[in-house]
Amino acid sequence: MSVLLAMSLGLLWGFAGYTLRKRTKLSVVAVSSWLTLVAALVLPRFFHEGYLFALICTAVSYVVMSSSNRLEKLWETLVVCLICTLLVYFGQDVLVGIGGRLGTLAALSALIFIVPKVHFGLLKARRR
Amino acid sequence: MLCQHALILLPLFVATLELAIPFFSKTSGLIYLSLVTFIFIVAPKRCAIGDWRKILPSALISALGAVATFALANHLDLGPLVASAIVGLVGTFFLAEDDQLKIYLGAFVGMTSVARFPSLGLVVVAGLVGGVLWQVLNETWNGVGGRLGTIAAAAVLVVVLTLGGGL
């Protein structure tokens with residue numbers, strides 16, 4: 001149940017981040033900061049595992065900092081957000097206390113998606 | 001280019017190993033330290049830094065972000081998430097877009113716990129290292145979300161393993 005809630009929140013924050021990046025003129029840092037601030041202030045008040053959910057949404061806010069060259073479509077961003085949610089949820093003991101931990105997990109999830117995407121894109125291009 | 005990848009891959013390597021092998025962290029300190037030493041022997045010879053004049057401002061901005069976040073998180077008890085968000089937001093009001101990224105990178109460094117960085121001096125050093133790494137790794141993984149955090153984690157790991165108490 002908890003993991004489903006985490007995934008829903010991760011997707012919601014991913015969608016919000018994608019929308020903010022596409023529809024506003026906010027910089028990537030501003031978008032990520034706002035998403036982090038809202039997650040950190042709101043989620044711990046409403047959920048028993050609120051702090052974990054805030055960590056997940058913060059990591060997702062780093063995912064949405066990806067450029068549109070890397071993640072072009074909404075579904076791509078959401079897939080990476082989902083991977084990131086699961087990595088943070090199941091990787092709570094990873095790099096504990098090290099600054100940049102969430103960013104590292106966000107980058108790992110982005111690369112899990114981007115590397116095969118680029119690889120298969122190149123393969124398709126070669127076949128043509 | 002290989003050198004840049006080696007530098008930025010350090011925290012990803014650590015995270016992947018800890019994810020794959022839960023008890024790895026107990027014996028990991030020595031392996032990480034040898035990896036860091038190897039990278040820092042190779043790095044100065046192989047890594048081409050784009051513009052040396054940009055290193056000092058980059059390091060200072062990053063260190064400022066790190067100290068501000070660390071102070072807000074631990075001395076004002078705001079916690080690392082709120083502290084980093086505040087530093088990032090303040091940065092967006094006063095700095096150009098490229099400098100916003102540097103201060104946000106510093107903010108990630110400042111999210112390190114007091115258990116890892118018992119003194120503010122270590123935070124400053126990690127912030128400075130983060131700023132230098134930003135210049136060295138400027139073109140690496142461009143546009144990949146989480147890149148800033150990965151660079152920050154690399155800086156923190158380097159300082160924790162060399163000057164701090166280890167992992």
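Predicted model: local features only at pLDDT ≥ 70, side-chain atom pairs only at ≥ 80, totals over all residues.
View 1. Together, Tyr62(A), Tyr104(B) and Phe108(B) form one aromatic cluster. A pair of aromatic rings is described by the distance of the centres and the angle of the planes. Here rings of Phe, Tyr and Trp (its six-membered ring) pair if their centres lie within 6.5 Å, and planes under 30 degrees apart count as stacked, over 60 as edge-to-face and the rest as tilted. A search of the whole structure with this rule finds six aromatic pairs over all chains. For Tyr62(A) and Tyr104(B), the ring centres are 6.4 Å apart and the planes stand at 80 degrees, so the pair is edge-to-face. This pair crosses between chains, running from helix α3 of chain A, which holds Tyr62(A), to helix α5 (residues 97-110) of chain B, which holds Tyr104(B). Tyr62(A) and Phe108(B) form an edge-to-face pair as well, with 4.7 Å from centre to centre and 65 degrees between the planes. That pair also crosses between chains, from Tyr62(A) in helix α3 of chain A to Phe108(B) in helix α5 of chain B. Helices (H or I, at least four residues) and strands (E, at least two) are DSSP runs, numbered from the N terminus.

**View 2. The contact between chain A and chain B.** Contact means heavy atoms within 4.5 Å, and the contact between these chains takes 42 residues from chain A and 42 residues from chain B. The size of an interface is often given as the accessible area lost when the parts come together. For chain A and chain B the buried area is about 3,000 Å², of which carbon and sulfur atoms give 74%; buried area is the accessible area (1.4 Å probe) that two parts lose on being put together, summed over both. On the side of chain A that touches chain B, at least two residues come from each of α2 (28-46), α3 (50-63), α4 (74-90) and α5 (101-127) of chain A. Sorted by class, that side of chain A has 27 nonpolar, 13 polar and two charged residues, with Ala, Val, Leu, Ile, Met, Phe, Trp, Tyr, Cys and Pro counted as nonpolar, Asp, Glu, Lys and Arg as charged, and the others, Gly among them, as polar.

**View 3. Ser62(B) inside chain B.** Ser62(B) is found in helix α3 (residues 55-74) of chain B, and it is buried, with a relative accessible area of 0%. When residues up to four places away in sequence are not counted, Ser62(B) touches Lys102(B), Leu105(B), Gly106(B), Gly127(B), Gly130(B) and Gly131(B).

**View 4. Lys102(B) and Asp98(B).** Lys102(B) forms a salt bridge with Asp98(B), in which the closest N and O atoms are 3.4 Å apart; a salt bridge is a side-chain nitrogen of Lys or Arg within 4 Å of a carboxyl oxygen of Asp or Glu. Because they are four residues apart in helix α5 of chain B, Lys102(B) and Asp98(B) are separated by about one helical turn. Lys102(B) is buried, with a relative accessible area of 7%, whereas Asp98(B) counts as partly exposed at 40%.

**View 5. Lys117(A) with Glu72(A) and Glu76(A).** Salt bridges that share partners join Glu72(A), Glu76(A) and Lys117(A) into one network. Between Glu72(A) and Lys117(A), the closest N and O atoms of the salt bridge are 3.6 Å apart. This pair links distant parts of the chain, with Glu72(A) in the loop between α3 and α4 of chain A and Lys117(A) in helix α5 of chain A, 45 residues apart. In the salt bridge of Glu76(A) with Lys117(A), the corresponding distance is 3.3 Å, and here the partners are 41 residues apart, Glu76(A) being in helix α4 of chain A and Lys117(A) in helix α5 of chain A. Glu72(A) is partly exposed at 41%, Lys117(A) is partly exposed at 24%, and Glu76(A) is buried at 6%.

**Notes on all views.** Residues are numbered from 1 along each chain as its sequence is written, and chains are lettered from A and ligands numbered from 1 in the order in which they are written. Local features need pLDDT of at least 70 and side-chain atom pairs count only at pLDDT 80 or more, while totals for chains, interfaces and linings use all residues, and side-chain values use heavy atoms, with hydrogens and water left out.

Methods:
Buried < 20%, exposed > 50% of the residue type's maximum accessible area, 1.4 Å probe, protein only.
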